Amino acid sequence: MALSREVGAKPHGVKVAGVPVVLWRGREGLKAFLDRCPHRNYPLSEGRVEDGRLVCPYHGWSFTGDGACAGVPGCGSGDLSRLKAEIVAVAQWQGMIFVSLKPQTAFADGLPDMPQGDDYDHFWWAMKPQRARVFDALDNVLDPFHTNFIHDGLIRVSHRRQTVEQTIETFENGFEATYIQNTDYGWMSRALEGRRARSRGRYIPPVAFQGRWEGPERLNLCTTIWFVPQDAHTIRPMARFTTLKSRGPAWLKEAAIRLFLVKVIEQDAQALTKLHDNIAAFGGPKFRAGPGDRLGDKLMRLYSGGKLVPERLGPYAMEL
Ligand code: FES
Ligand SMILES: [Fe+2]
């Protein structure tokens, strides 16, 4: 994934699960190729766009949006049909670019349900790449218990817990945990949210999470985060935030969310890097589920490509 504004007149290189991809805008709009020229494999992202064609900087071969080679400088005319750049599935949605290495990906079906309409403001946040495993990032964002420790004072307060009721709904391809509780005591929660009736955390395989914080009548805040794997050791979280229009000007809410969350993201990033490095030092993970870890096994099953039996679990009482 990349922000639409990251791909301007110049080609833009990204890594998708370890594979370099070049994004560029040609005559037919946004295109994505594997980031290697079919000639001598020079990175095409270091080239330029000229007359709506992507030009490799090594020998100047140029490519049209469908990958076809349109010219080989210095060689007159010949059969260029074998000299194709390799196309990657790409789609653009509301300011975000989605890339998939699987051919024929139907992006529209794969996008999570996100709040739309005139009542809401939205913004995207492309975070810094972090040394972390996708699984640990998903597990972290779905897990409420670490917030009393890692984010003590910001989200929850370790010495001031409240009783929370958790219910879990599983679907064949996902699950959602709902927490009935008042607003958390941490100062970020109080500043950003307003009165809370419940919050929800949903896993959308393979790499997305959605959190919803709801007041008594309506949604106050929603975030959908994709933990994009750049390679086996690096993730770049991309998040879309939605806030209620009635809660102030869009720029101010965006500034407030960024200001408060930067610290939280940093705290999680540090923890995730420690997990990553320790798991690597021991040659792989060895997890024990505690009494409150009701989501980890479901996450693991779906993340490894399995399915869940649809059911409703709980309510469970917990102190958060
Ligand atoms: S490597 Fe790209 S033109 Fe030769
Ligand atoms: Fe966290």
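Side chains of opposite charge can pair when their charged atoms come close. One of the salt bridges joins aspartate 121 and lysine 245, at 3.6 Å from N to O. Aspartate 121 sits in strand β11 (residues 120–126) and lysine 245 in the loop between β18 (234–244) and α5 (250–281), so this pair ties together parts that are 124 residues apart in sequence. Helices (H or I, at least four residues) and strands (E, at least two) are DSSP runs, numbered from the N terminus.

Before we go on, please keep in mind that this is a predicted model: local features need pLDDT of at least 70, side-chain atom pairs count only at pLDDT 80 or more, and totals for chains, interfaces and linings use all residues. Residues are numbered from 1 along each chain as its sequence is written, chains are lettered from A and ligands numbered from 1 in the order in which they are written, and side-chain values use heavy atoms, with hydrogens and water left out.

Now, the domains. The assignment gives domain 1 (2–108) and domain 2 (115–319); such bounds come from an automatic or database domain assignment. Their centres, taken over C-alpha atoms, are 34 Å apart.

How many residues of domain 1 are in contact with domain 2? There are 13, and they meet 10 residues of domain 2, with contact meaning heavy atoms within 4.5 Å. The area buried between the two domains is about 950 Å², and carbon and sulfur atoms give 59% of it. Buried area here is the accessible area (1.4 Å probe) that two parts lose on being put together, summed over both. Lys15, Trp93 and Met96 supply 39% of what domain 1 buries against domain 2, more than any other three residues.

Between the domains we count 1 salt bridge. Arginine 236 forms a salt bridge with glutamate 6, and the closest N and O atoms are 3.0 Å apart. On the domain 1 side, β1 (2–3), β2 (12–16) and β10 (96–100) each supply at least two of the residues that touch domain 2.

Last, some backbone details. Proline 205 and proline 206 are joined by a cis peptide bond, with omega about 0°, and proline 206 is in the loop between β15 (198–204) and β16 (208–214). The bond from glycine 314 to proline 315 is also cis, omega being near 5°, and proline 315 belongs to strand β19 (residues 311–319).

Methods:
A salt bridge is a side-chain nitrogen of Lys or Arg within 4 Å of a carboxyl oxygen of Asp or Glu.
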